[in-house]
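Student: I'd like to go through this model with you, a piece at a time. Could you keep the answers careful?

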Amino acid sequence: MAEFLINSAGLPEWLAWTITAVVAAVLILNVIAGGALVFIWAERKIAARIQDRLGPTRTGGRFGWLQSLADGIKLLAKEDLMPEGADGMLFRLAPYVSFCASFCAFIALPFAFDFVGQRLNVGVFFVVAVLGLEVFGVILAGYASASKWSLFGAMREAAQVVSYEVPLGMCVVVPVMLAGSMDLVTIAEKQAGWFTNWYLFHDPFTFVIFWVYVTCAVASVNRAPFDLAEAESELVAGFHTEYSGLRWSYFFMAEYGSMFLVSALAAVLFMGGWNGPIPVAKLLGLSAGTGDTAGYFVRLLGMANLLGKATLGVLVMMWVRWTLPRLRIDQVMTTCLKYCTPLAAAMFAGVMVWQLALPGGIVRGLSRPAGEVREGWLEGPGGKAASRPAADAAQKVAEVAR
Amino acid sequence: MRGPDFLSQLDAALPGAIVGRNLEAMDPWIEIAPERIADVCQWLDTKSPVRFDALECITAIDWFEPDAKKAAKVSWQPHTELVYHLWSTAARVSLVLKCNLPRWKGDVPGQLPEIPSVCGVWRGANWHEREVYDLSGVWFTGHPDLRRILCPEDWEGHPLRKDYEQPLEYHGIRGK
Amino acid sequence: MSGGLLGQVAAVPLFASLLTEPVSVAHYLVVGAILFAAGIVCMAVKRNALGVLMGIELVLNGANVNFVAFASPYLQGEGARGLGIDGQVIALFVILLAAAEAAVALAITLNFYNNHATVDIDRADDLKG
Amino acid sequence: MSGILATFGAVTLPLAALNWHSFFFVLFAAVACACAIAVVLADNVVRMALYLVLSLGATAGLFFLAGAEFVGAMQLMIYVGGTLVLLVFGVMLTAQAPFVSIKTTTGDRVLAGVVGAALLAVLLQSAFSVPAWRQPAAGTVAAPAATPVGMALLGVRVDEPAAGSPQGAVRSGYLLPFEIVSVHLLVVLVGAAYLARAKKRKTPRAIEVAASVEPPASVAEHAAVGRGAGRATSVLSGGRS
Amino acid sequence: MASAIDDDPRIIEFDVRTDEMLVNMGPQHPSTHGVLRLVLRTDGEVVSEIEPHIGYLHRCAEKIGENLTARQWIPYTDRMDYLAAMNMNLGWALTVEKLMKYEVSEKARHLRVLIAELSRIASHLVGMGAYGLDLGTFSPFLYAFREREKILDLFEEACGARLTYSYITVGGLTADLPPGWLGRCEAFLDQFEPIIKEYHALLTTNAIFVKRTANIGVLSRELAIEYGCSGPVLRGSGVDQDMRRDGEAIYTAMYDGYAFEVAVMKNGHYPRDHEYPPVPADAVLGDCWHRFFVRMLEVVQSMDLVRQAIDRYSACKGTIGEPLKLTEKIPAGDAYLETEAPKGQMGFYVVSDGTAIPWRVRARSSSFSNLAVAPELCRGCLIADVPAIVGSLDIVMGEIDR
């Protein structure tokens with residue numbers, strides 16, 4: 001976009017870049033805030049349908065589609081309460097910490113080829129690390145609220161998130177290993193083509209580890225059945241018991257933002273990212289790499305693809321939430337430490353062995369042979385200067401190996 | 001073992017405990033000397049041929065007529081009557097024990113009448129006795145934690161007594 | 001222009017030059033120095049064992065800033081003797097070992113707390129646990 | 001059209017001269033330094049931890065700016081996770097002795113401040129002492145990648161020799177240190193697990209509490225309610241009788 | 001005593017010395033079923049002791065009863081177990097009838113069975129749904145209420161009220177059923193029967209539900225009896241007692257000729273007159289799961305009884321008869337009667353001095369005794385188990401506080 005502004009609109013370079021940055025930031029913010037609005041509405045409708053109700057019906061004409069907005073306005077107008085014994089600064093700060101963490105993680109998330117806030121070559125790592133920061137806001141909120149229920153919620157959240165980061169990290173490493181890169185764009189590009197190229201279907205181990213990832217992701221964003229931090233039947237409302245109005249809605253937005261983020265991450269890591277199950281664009285002879293209108297169109301298509309997959313993930317989380325009872329804290333920890341972690345470790349080893357033993361997959365031609373993947377990694381998807389050092393490095397590796 | 005046989009066994013085991021009986025009533029009952037109630041219950045729970053292992057209910061009935069005109073007509077003397085409803089899970093039979101207490105200990109108004117607690121026999125008696133104490137004003141000696149249960153801690157009086165006066169005000173809340 | 005404003009006037013170009021001039025290693029070194037000094041002061045001042053621990057983290061972090069700065073190709077002129085990748089690798093090791101150190105230190109703090117019911121290190125003046 | 005643009009450009013001319021890299025450096029550096037100093041000045045452990053996290057996070061930003069993306073991400077993940085645990089322990093261990101304040105005397109503060117300032121002066125002097133360190137990079141530099149770091153940790157060096165290093169020098173990999181650190185971490189893990197192991201309670205809690213002359217108020221009691229709340233003796237009775 | 005705690009495997013202590021805290025659960029807490037207040041003494045997540053504080057709903061209904069005639073007190077019984085007001089009405093009506101040696105007509109008798117059992121279903125539906133809510137799953141609650149609403153519709157048709165019916169009264173019922181009611185009732189039963197399978201799928205056999213309830217809050221047979229527990233709580237502990245079968249003649253006569261088997265585990269299995277899911281391996285007799293399961297069985301059992309009652313009622317000729325006058329004099333004497341209300345054995349005691357206004361009335365509430373055992377059950381459990389245990393006792397505060 002910056003190039004477009006510079007070349008076509010004739011803006012000075014600095015202005016073009018600034019505009020680009022602001023637009024990107026606003027877009028991401030809208031994904032979270034607008035996404036939260038949509039998802040909250042969707043959750044209410046879905047929950048209602050699951051429970052034989054209608055859900056919101058009137059606000060905004062049909063389907064109550066303006067309900068979330070109306071609620072948002074109501075929250076804006078609500079009195080901002082703070083308990084007397086609260087630690088004022090931390091209490092006010094906590095929602096923003098959560099929200100910022102959720103927001104920052106989106107920076108490295110690619111929505112389509114080249115549709116990414118900042119392409120980082122440690123993208124996966126960055127997203128997971130920043131996502132872990134969200135818990136900070138929760139703990140601060142729980143501590144600062146001067147309520148025992150909040151403190152309980154915060155402590156549960158801390159224990160849970162710190163524990164679940166371990167298996168989550170192991171799950172995330174598997175696609176990294178298969179793609180040979182931590183760059184989310186590269187990982188997604190490696191899965192281009194038919195859906196058999198998706199890492200989900202790469203081998204049985206990745207299939208299993210995908211479900212481990214789903215479990216851990218649900219747990220790390222605190223959704224049912226792992227919503228211990230806000231377990232309403234035990235802890236009233238957990239860490240946000242004392243929050244109201246806009247501050248509370250920031251927690252809410254952070255939660256929905258994180259839900260969307262882990263779903264999108266699952267899509268990128270395991271389900272081909274913006275590559276649909278059927279490579280429509282490729283069959284039509286179009287490529288996302290070109291800078292012309294066709295390429296732009298392909299990218300938009302890819303973005304729709306990714307958003308669709310991520311939304312699907314969010315919907316599944318909602319479905320689960322309205323179906324299952326909540327686990328107990330010790331059972332949550334057991335699930336993590338006794339099941340998820342060993343399973344993820346075993347699957348990780350399994351994927352390694354598979355890569356060594358069957359580099360081409362069971363049926364040749366169905367999935368890409370590993371060698372090709374490796375070459376692709378060295379070349380880099382865009383063939384840009386950014387990947388040059390990597391290519392050189394690879395040459396060196398080859399030399400050393402000889 | 002039912003009826004008079006059972007009673008004679010009880011009488012033999014704890015002579016003098018039974019001070020009255022009415023086996024023809026709708027719910028046949030025996031009257032126990034108040035100071036022996038815990039022993040009797042202990043015997044009924046552990047040693048009796050029909051083991052009464054459950055205490056269903058304790059009721060205090062305040063036999064007192066505050067209206068002087070009506071009081072002149074009644075046939076009974078003012079007293080507090082405690083009724084214990086027991087149940088045997090194994091034999092599926094019930095038993096009614098009654099105890100007569102003075103309305104006030106030593107007839108000094110304000111001094112609660114006392115009776116031994118049966119908490120040691122059935123732990124479930126704990127709350128029942130607390131309720132009786134709270135609402136009817138009977139002091140159960142030997143109760144581990146006898147305090148008000150339904151009324152607030154600082155409530156005055158025992159509402160189920162016939163001479164109870166509802167307070168006009170409680171912590172700024174109008175009573176009447 | 002009054003004399004009182006002089007200081008501000010002098011500060012503005014400095015600040016402006018900070019914003020307009022490219023960053024060099026020295027910039028990073030200043031940040032590292034401040035973190036390091038803050039960490040040292042923190043270790044010295046705090047009586048709370050956890051505060052001391054945080055001071056240590058700051059010190060290590062200040063050192064890390066230096067390592068990364070020297071390793072960065074962005075910050076050095078042509079002829080500079082940089083650390084290259086080695087700087088980053090050492091920074092990584094520092095981070096890892098800091099994590100391990102924090103775990104051990106927390107363990108010590110916990111034991112101390114169990115014995116003394118406080119985390120005030122001024123109370124840690126006996127040789128026996 | 002061009003006239004408007006020109007005016008616009010003239011007004012915002014200083015922005016045009018802005019070096020964004022420097023701008024973000026100043027931003028992150030300011031946050032890092034300010035929060036580091038706040039850590040020193042804060043008394044509340046939880047606030048200290050918050051400032052520490054902000055400081056460490058800003059430092060991670062500096063790492064990203066310096067092209068060390070992997071180190072930056074690592075910093076976020078490990079340091080922040082570690083500090084999180086610190087925070088939890090801070091809440092657990094410190095809040096419950098309300099009248100024992102763990103505060104520093106003013107004398108100590110002043111003394112430490114003087115020492116710290118002296119140290120800072122020395123460090124700053126040394127930071128500016130080498131002219132080469134004050135020369136920023138010229139021209140564009142290839143974007144760094146995490147690959148060489150990873151390869152170096154595996155014992156294979158694929159990166160270019162650092163500028164100025166002698167030709168033909170053997171550059172070592174880091175496989176052995178890597179392994180040592182792994183084992184080290186394992187040891188620490190086992191040690192931590194040993195410390196946190198569960199064992200059966202020896203005396204019932206009620207007896208223990210009753211025996212102590214003044215049982216300490218609970219964590220949240222202090223943190224949440226303050227000193228007003230009643231303290232349980234043996235049973236949770238709030239009653240008079 | 002100390003050794004008993006020593007051997008308790010649930011109580012563990014960590015090397016980290018932590019302090020206990022007092023937490024106030026209720027009276028405004030999402031899962032205390034009304035205005036119950038529990039004070040928990042916790043060590044982290046482990047609850048060492050709970051103390052229920054009751055009386056927030058105390059109206060001294062017994063005192064009110066000393067100033068009203070027996071029939072005038074019926075509406076006050078409505079407000080005891082307001083979830084099964086019909087059974088409360090029935091209990092009091094039968095007690096007074098017992099003292100008066102009054103027998104209602106055959107048709108009224110069958111109508112009483114019909115109404116009481118329907119009311120039992122309605123009550124157990126709330127118990128089941130709210131229990132799901134306690135465990136963090138929302139949907140079964142609404143499913144349960146959906147069906148309960150249909151029962152309430154039927155009740156509304158019969159007596160005009162949806163919550164406090166005052167339908168069954170001393171000497172019969174206030175009105176006969178409207179035309180077509182039986183058909184609608186049968187239609188409801190036919191529609192409701194298959195739905196029970198769904199409840200079993202969502203709760204009874206759900207893996208998380210079983211994990212949360214099996215072997216939690218185990219109430220031994222002896223303890224249950226000693227505390228005077230009754231109803232599903234007692235039967236969940238394996239005590240074969242049901243006042244409909246074992247009670248006094250005036251009550252059991254109501255169920256003369258009705259075939260039903262008491263829902264209790266005998267010789268390791270529950271009565272097998274219907275298809276039930278198997279008992280999970282982890283469940284121990286007397287735990288939360290069994291208490292819940294007994295309720296589920298009783299729903300089916302009550303449906304059977306309702307069907308039988310419909311047959312008998314429609315076979316009866318004539319009218320149900322008129323209830324007694326409001327100012328009917330009660331003979332001097334006293335009578336105590338326990339009936340099997342959904343929550344347990346509801347006992348009423350009436351003492352009369354020969355006037356229309358009883359000298360003393362007493363309500364022995366089942367929830368009162370059932371709640372009294374909660375501190376024993378919650379010793380050493382986790383915070384999350386407290387709602388699970390208290391919820392499994394299925395208490396109603398209106399009945400406890402009276």
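Student: Which residue of S4(E) does E:Leu40 stand opposite?
Tutor: E:Leu40 stands opposite E:Ile50 in S4(E). This is a predicted model, in which local features need pLDDT of at least 70 and side-chain atom pairs count only at pLDDT 80 or more, while totals for chains, interfaces and linings use all residues. Residues are numbered from 1 along each chain as its sequence is written, and chains are lettered from A and ligands numbered from 1 in the order in which they are written.

Student: How many bridges join S3 to S4 of chain E?
Tutor: Strand S3 (residues 37–43) and strand S4 (residues 46–53) of chain E run antiparallel and are joined by 7 bridges; strands (E, at least two residues) and helices (H or I, at least four) are DSSP runs numbered from the N terminus, and two strands pair if DSSP finds at least two bridges between them.

Student: And the turn?
Tutor: S3(E) and S4(E) form a hairpin with 2 residues between them, and E:Gly44 in the turn has a positive phi of about 65°.

Student: Switching to chain A, what domains are assigned?
Tutor: Domain 1 (1–77) and domain 2 (83–361) of chain A, with bounds from an automatic or database domain assignment. 18 residues of domain 1 of chain A are in contact with 18 residues of domain 2 of chain A, contact meaning that C-beta atoms, placed from the backbone, lie within 7 Å.

Student: Which element gives the largest share of the domain 1 side?
Tutor: H2(A) does, supplying 14 residues of the side of domain 1 of chain A that touches domain 2 of chain A.

Conventions
Two residues are in contact if their C-beta atoms, placed from the backbone, lie within 7 Å.
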